[in-house]
Amino acid sequence: MGFVGYNKNSLHRKGAVHTHRRWWAIFLALILVFCSAAAAEDDDEEFEFDDDDSGGFEYFDDLSGFDERNNNQEAGDYTYQLNEEEDGAFIVKYHGEDSDLVVPDHMESYPLIGIGDHAFEDFAANITSVQLPEGITWIGVQSFATCDRITEMVIPEGVIRLDDRCFLGCKTLEKITIPDSVTSIGDMAFAVCMSLKEITFGPNLEHIGANAFQACQALERVTLPAGIEIPETAFLGCSPDLEIIMK
């Protein structure tokens with residue numbers, strides 16, 4: 001009898017426990033379903049773009065407003081931008097037809113302080129001479145690249161940087177005057193200037209980029225400040241008779 005009574009009570013208790021657990025399992029499952037649905041709605045709202053949302057993909061597909069977004073402005077044959085402090089302008093693009101260029105020292109009421117990247121590259125085939133104004137402090141990446149009709153260039157005093165490839169492929173450039181203010185020459189700055197014969201840098205030059213004078217086959221003499229580090233590839237492809245003077 002004791003054995004039978006024990007089984008009945010045990011079965012009753014086990015059934016109650018199982019029923020209690022089932023209800024808890026159902027309750028927890030309902031909570032998980034509700035939370036998952038709410039999270040899915042939040043995700044949909046977070047990644048759903050309106051048709052006119054400038055943060056959507058259309059922003060990158062349509063570049064018609066590129067100029068406005070970058071604050072480009074026009075002054076005659078030049079497109080320019082203002083620097084962050086708006087105390088000066090730099091040329092973004094030249095789009096004129098003159099072959100003998102005299103670059104103005106102001107863009108409207110703003111003094112010109114630099115030549116931007118690729119500024120003259122698109123019209124390189126038309127340009128035979130360039131006169132740059134004093135007041136600029138840098139000449140940007142590939143700004144005069146492939147201007148292969150220019151024979152002489154004067155960099156005005158006050159220029160500090162000649163950026164990467166700024167005169168790359170100026171094949172007819174025979175003479176260039178570099179002011180003492182220049183401290184840095186970028187990578188391939190004068191590469192493939194195949195007619196350049198001589199170039200002199202002042203005592204403030206601190207950096208020469210890789211391949212700076214690569215394939216300058218006519219180069220006979222380069223004057224550099226004493227102690228400056230010269231990359232191994234700086235004169236790659238130049239004449240073995242090239243004379244490098246350190247002083």
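## Cysteines

Cysteine 216 is buried, with a relative accessible area of 0%; here buried means under 20% relative accessible area, exposed over 50% and partly exposed in between, using a 1.4 Å probe and protein chains only. Before going further, please note that this is a predicted model, where local features need pLDDT of at least 70, side-chain atom pairs count only at pLDDT 80 or more, and totals for chains, interfaces and linings use all residues. Residues are numbered from 1 along each chain as its sequence is written, and side-chain values use heavy atoms, with hydrogens and water left out.

You will find zero disulfides in the structure, a disulfide being a pair of cysteine sulfur atoms within 2.5 Å. Cysteine 216 is in no disulfide, and its nearest cysteine sulfur, that of cysteine 193, is 5.2 Å away. Cysteine 238 is also buried, with a relative accessible area of 14%. The closest cysteine sulfur to that of cysteine 238 belongs to cysteine 216, and at 5.2 Å it is too far for a bond.

Strands (E, at least two residues) and helices (H or I, at least four) are DSSP runs numbered from the N terminus, and two strands pair if DSSP finds at least two bridges between them. Strand E1 (residues 73-75) runs antiparallel to E2 and is joined to it by three bridges. Glutamine 73 has tyrosine 80 in E2 as its bridge partner. Two residues separate E1 and E2 in their hairpin, and glycine 76 in the turn has a positive phi of about 65°.

On to the next neighbor: E2 is joined by five bridges to strand E3 (residues 89-94), again antiparallel, with tyrosine 80 opposite isoleucine 91. The hairpin of E2 and E3 has six residues between the strands, and glutamate 86 there takes a positive phi near 55°.

In a regular strand the side chains alternate between the two faces of the sheet. In E2, Tyr78, Tyr80 and Leu82 lie on one side and Thr79 and Gln81 on the other, and all are buried.

## Parallel strands and a surface patch

Strand E13 (residues 198-200) pairs in the parallel sense with strand E15 (residues 221-224) over three bridges, and glutamate 198 has arginine 221 as its bridge partner. E15 also runs parallel to E16, with four bridges joining them; here valine 222 partners isoleucine 244.

Methionine 246 belongs to strand E16 (residues 243-246) and is partly exposed, with a relative accessible area of 37%. Ile230, Ile244 and Met246 form a nonpolar patch on the surface, with about 210 Å² of accessible area together.

Terms used
Patch = residues over 30% accessible without salt bridge, like charges linked within 9 Å, V, L, I, M, F, W, Y side chains within 5 Å. Areas by Shrake-Rupley, 256 points an atom, 1.4 Å probe, with all protein chains shown as cover. Salt bridge = Lys/Arg side-chain N within 4 Å of Asp/Glu carboxyl O.
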